[in-house]
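I opened my notebook to get to know a new structure. Here is what I looked up, entry by entry.

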Amino acid sequence: MKLNSDDQTLAESKILILYILNKVGKPISHNELLELVISISDMNYFYFQQFLLDLIEDNYVISLKKENDDIYELTEDGKNALDLTIDVIPGILKLRVDSKFTENFNTIKDEFSIVAEYAPVTETDFSVKCKIIENNNIVFNLEAYAGSREQAKQIVNNWKKHAIHIYPEILHTLVDEREEEI
C-alpha cells in the first residue's frame with residue numbers, strides 16, 4: 001500500500017477497517033483486528049495504527065481496556081458513517097473481505113484463545129498464568145509458580161501447544177468424585 005495525499009485511498013482504508021469491525025459484530029482485540037486487516041489488504045502496521053487512531057478520535061470506533069489488551073468496537077456513529085460511505089470500498093475488496101472473513105477470523109480467534117505468560121516474582125521464582133479465552137471472556141484461568149525461568153518457559157510452551165488436551169484433564173480431575181482414603 002502506498003500512502004500519499006490521495007484522499008480516496010485514505011478514506012478507503014478507514015472504511016475498510018469499519019467494514020471489518022461491522023462484520024465482526026462484537027468487541028475484538030487489537031491483534032485480532034490487525035491480523036484480519038492485514039490478511040485482507042496490503043495495509044502495513046503503521047498505516048493501520050494511524051487509521052485506527054483517526055477512527056477512535058472521530059468517535060467511529062471505541063477503545064476499551066480488558067485484561068491488559070485493547071479491545072475495539074464499532075460505535076453507532078461508525079455504523080452510520082459506514083452506511084453512508086460503503087460504496088467507497090471497491091467491489092473486489094468487499095468480495096475479498098466477505099470470502100476470506102470467516103476463515104481468517106476463526107483462525108485468528110483460535111490463535112488468541114490460548115494464552116500463557118510468565119513474570120518474575122523473585123530472582124528464582126516465577127508466576128505463570130495460563131488462560132483460555134472464548135468470545136473475549138476468560139473461561140479458564142490457572143496461576144502457578146515455577147522454581148526457575150526454564151520451568152516457567154516450559155509450562156508456557158506446553159500450555160500453548162497442548163492446552164486443548166490439558167484443560168479437559170484438569171477439568172475432569174476437578175469434577176471427578178474420589179473416594180476418601182482411610
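**Entry 1: The whole chain**

I began with the surface: the chain has an accessible surface of about 11,700 Å², and 49% of this belongs to carbon and sulfur atoms. Such areas come from the Shrake-Rupley method with a 1.4 Å probe, and for residues only the protein chains shown count as cover. I noted that this is a predicted model, in which local features need pLDDT of at least 70 and side-chain atom pairs count only at pLDDT 80 or more, while totals for chains, interfaces and linings use all residues. I also noted that residues are numbered from 1 along each chain as its sequence is written, and that side-chain values use heavy atoms, with hydrogens and water left out.

Next I checked burial: of the 182 residues of the chain, 31% count as buried. Buried means under 20% relative accessible area, exposed means over 50%, and partly exposed lies in between (1.4 Å probe, protein chains only).

**Entry 2: Confidence**

I looked up pLDDT, the predictor's confidence in each residue, from 0 to 100. The chain has a mean pLDDT of 83, and 85% of its residues reach 70 or more. Which element has the lowest mean pLDDT? I found that helix α5 (residues 91-111) has the lowest, at 69, and helix α3 (residues 45-57) the highest, at 93. I marked residues 1-5 too, where pLDDT stays under 50 and the model has eleven contacts beyond four places in sequence. A contact means heavy atoms within 4.5 Å.

**Entry 3: Helices and strands**

I counted six helices and six strands in the chain. Helices (H or I, at least four residues) and strands (E, at least two) are DSSP runs, numbered from the N terminus. Read from the N terminus, the order of elements is α-β-α-α-β-β-α-α-β-β-β-α. For contacts between residues at least 6 apart in sequence, I noted that 55% join residues at least 24 apart.

**Entry 4: A sheet of three strands**

I traced an open sheet of three strands in the order β1-β3-β2, with antiparallel pairing. Its edge strands are β1 (28-29) and β2 (61-66), each of which pairs on one side only. Two strands pair if DSSP finds at least two bridges between them. Between β2 and strand β3 (residues 69-74) I found six bridges, again in the antiparallel sense. Here V61 stands opposite L74 in β3.

**Entry 5**

I then followed strand β4 (residues 114-120), which runs antiparallel to strand β5 (residues 126-134) and is joined to β5 by seven bridges. The two form a hairpin, with five residues between β4 and β5. V115 faces K131 in β5. β5 also pairs with strand β6 (residues 137-146) in the antiparallel sense, over nine bridges, and V128 has A144 in β6 as its bridge partner.

I stopped at I114, which is found in strand β4. Is I114 buried, exposed or partly exposed? I114 counts as partly exposed, because its relative accessibility is 26%. Leaving aside residues up to four places away in sequence, I114 touches K131, W159, K160 and A163. I114 and I132 are 18 residues apart in sequence, yet their C-alpha atoms are 4.8 Å apart in space.

**Entry 6: Charged pairs**

Side chains of opposite charge can pair when their charged atoms come close. A salt bridge here is a side-chain nitrogen of Lys or Arg within 4 Å of a carboxyl oxygen of Asp or Glu, and by this rule I counted three salt bridges.

- I found D54 and K14 meeting at 3.1 Å, N to O. This pair links distant parts of the chain, with D54 in helix α3 and K14 in helix α1 (residues 7-24), 40 residues apart. K14 is partly exposed, at 22% relative accessible area.
- I found D70 and K65 in a salt bridge at 3.2 Å, N to O. D70 is partly exposed at 25%, whereas K65 is exposed at 64%.
- I found K79 with E76, their closest N and O atoms being 3.6 Å apart. K79 and E76 are about one helical turn apart, because they lie three residues apart in helix α4 (residues 76-85). K79 is partly exposed at 34%, and E76 is exposed at 53%.

**Entry 7: A nonpolar patch**

Last, I looked at a nonpolar surface patch of about 310 Å², made by L171, L174 and V175. Patches are made of residues with over 30% relative accessible area and no salt bridge; like charges are joined within 9 Å, and nonpolar side chains (Val, Leu, Ile, Met, Phe, Trp, Tyr) within 5 Å. I placed L174 in helix α6 (residues 149-175). L174 counts as exposed, because its relative accessibility is 65%.
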